[in-house]
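Have the sequence and the 3D view open as you read.

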Amino acid sequence: MVFVAALALASLGLAQAAYAAGSVLKVRLGGDRTETRIVIDLAKSATGKVAEDGSVDRRVVLLLDGVGVNADLQGAGQGLVKNWVMDSTMSGARLRIDLAADAVIKRRFLLPPADGVSNYRYVIDLGTGTGKANPARPVQLVAEPVLPTRAIPLPLKRVVVIDAGHGGHDPGARGVSSNEKDVNLAAARALKSRLERSGRYKVVMTREEDVYVPLETRVRIAQRADADLFISLHADSGADTSIRGASAYTLADRAAGRTAKFVSKDDWFTKASLHGDTGVANILFDLTQRATKNRSASFAEFLLARVDDHQPLLRRSHREAGLAVLLAPDVPAVLLEMGFITNLDDEAALRDPGKRGQMMAGVGDAIDDYFAQQTRIASR
Ligand SMILES: [Zn+2]
């Protein structure tokens, strides 16, 4: 056993793989001290049960009934995980995790084979504990194979993070009589009140004033909010002042070169693409980015359909960029360029509180559309 452990330790990195004849194929870890993801690759579907959720003795124990483990697997940790062991019990597999810091299970879900991955994946996300975890109310059992929606009960209100681009000493693009940072913030405020009026959303803003908020801070805000949706509001610019119209960006495939080409004119995006947040290691990204990308694209389509009622669209209105590298990989994210601040008509519309309010009402409708669709999918 000592030798096995030593071997396991020697082969560490992001992941420790052990291909066994049982139905646990491998266990992988990714993330950082804020959020750590554990992925159990399974040969078949499984139901998980939490025996310990991390709130006691910094230990998490998950039982996978009916799942075989051919030989004990173990490995050193990453992020919030100090070390882990996967072994067999009478009824199935047992994963024991010793935590490196106070943390609890934030969510877990089962991903069926999809998007080129041929096996099931049981995903557990650990997050730093806030003391809110209630040991008397253990997390419910995960359902049978489901779409990658959150396995724990959804909060009553959906959490929407609104990111007003730029701010403070970073004005963003400049129009004739306004700066991008100001119209972004005004639009963000309008959207916030539209969403809050509905009573259905909890809104988190990355900034509420004309202040500079570093990208890393925006990322943290979005991650800590446990967002269901992230929308970043910007205004476009171009040397050709006749170009106008709104457009939306969603996550591109991990093709840095192509992304960089699209983003070069917007510093925010460029930084986003180059940032390479280690908290969103490739392993995490691979796992859910396709599903997230699909959901982001779905939201972008709703968004453009609704924005179209109030503002002309740029001809190629749905574009792709590296936005989601910023976020937890299962948070759908869209960046809306509300129009060209360098175009006089667009700038006038962006500056007009009435027109801006109408456009944000449209964005709010699109958010309603999106969650209505997600609910339909989840209840299918
Ligand atoms: Zn911008």
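The sections below go from the whole chain to its strands, cores and loops.

## Ground rules and overview

This is a predicted model, in which local features need pLDDT of at least 70, side-chain atom pairs count only at pLDDT 80 or more, and totals for chains, interfaces and linings use all residues. Residues are numbered from 1 along each chain as its sequence is written.

The protein chain has 8 helices and 16 strands. Helices (H or I, at least four residues) and strands (E, at least two) are DSSP runs, numbered from the N terminus. Of the 380 residues in the chain, 46% are buried. Here, buried means that 20 or more other C-beta atoms lie within 10 Å of the residue's own; exposed means 12 or fewer, partly exposed is in between, and the C-beta atoms are placed from the backbone.

Two residues are in contact if their C-beta atoms, placed from the backbone, lie within 7 Å. Taking the contacts with a separation of 6 or more, 73% are between residues 24 or more positions apart.

## A covered strand: S3

How many residues of S3 are buried? The count is 8 of 8 for this strand, which spans residues 35-42. In a regular strand the side chains alternate between the two faces of the sheet. Both faces of S3 are covered, with Glu35, Arg37, Val39 and Asp41 buried on one side and Thr36, Ile38, Ile40 and Leu42 buried on the other.

S3 pairs with two strands described here: S2 (residues 24-31), antiparallel over 7 bridges, and S10 (residues 120-128), antiparallel over 8 bridges. Two strands count as paired if DSSP finds at least two bridges between them. A hairpin of 3 residues links S2 to S3, and leucine 29 has isoleucine 38 as its bridge partner. Over in S10, arginine 121 stands opposite aspartate 41.

## A five-strand sheet

Next comes an open sheet of 5 strands in the order S4-S5-S8-S7-S6, with antiparallel pairing. S4 and S6 (73-76) are the edge strands, each with a single partner strand, so one side of each has no neighbour in the sheet. From one strand to the next, the twist averages 10 degrees; the axes behind it are lines fitted to C-alpha atoms, for helices over the stretch in contact, and angles run from 0 to 180 degrees between N-to-C directions.

S6 is joined to S7 (residues 81-88) by 4 antiparallel bridges, and glycine 75 stands opposite tryptophan 84. The loop between S4 and S5 holds glycine 54, which counts as buried because 24 C-beta neighbours lie inside 10 Å. The C-alpha atoms of glycine 54 and glycine 127 are 9.8 Å apart, although 73 residues separate them along the chain. Arginine 58 is also found in the loop between S4 (48-53) and S5 (59-65), and its 18 other C-beta atoms within 10 Å make it partly exposed.

S11, H2 and S12 form a right-handed β-α-β unit. Right-handed means that, with the strands pointing away from the viewer, the path from the first strand over the helix to the second runs clockwise. S11 (residues 158-164) and S12 (residues 201-205) pair in parallel over 5 bridges, with valine 161 opposite valine 204.

The largest nonpolar core has 47 residues, and Val160, Leu303, Val334, Leu336 and Val363 have the most contacts inside it. Helix H2 (residues 180-198) gives the largest share of this core, 7 residues. A nonpolar core is a set of buried Ala, Val, Leu, Ile, Met, Phe, Trp, Tyr and Cys residues joined through C-beta atoms within 7 Å.

## Loops worth a look

Alanine 227 sits in the loop between H3 (215-224) and S13 (229-236). Is alanine 227 buried or exposed? Alanine 227 is buried, because 23 other C-beta atoms lie within 10 Å. Leaving aside neighbours within four places in sequence, its contacts include Val159, Val160, Val161 and Val204.

Most residues other than glycine have a negative phi. Histidine 166 has a positive phi, near 65 degrees; this residue is in the loop between S11 and H2 and is buried, with 25 C-beta neighbours inside 10 Å. Arginine 58 likewise has a positive phi, near 50 degrees.
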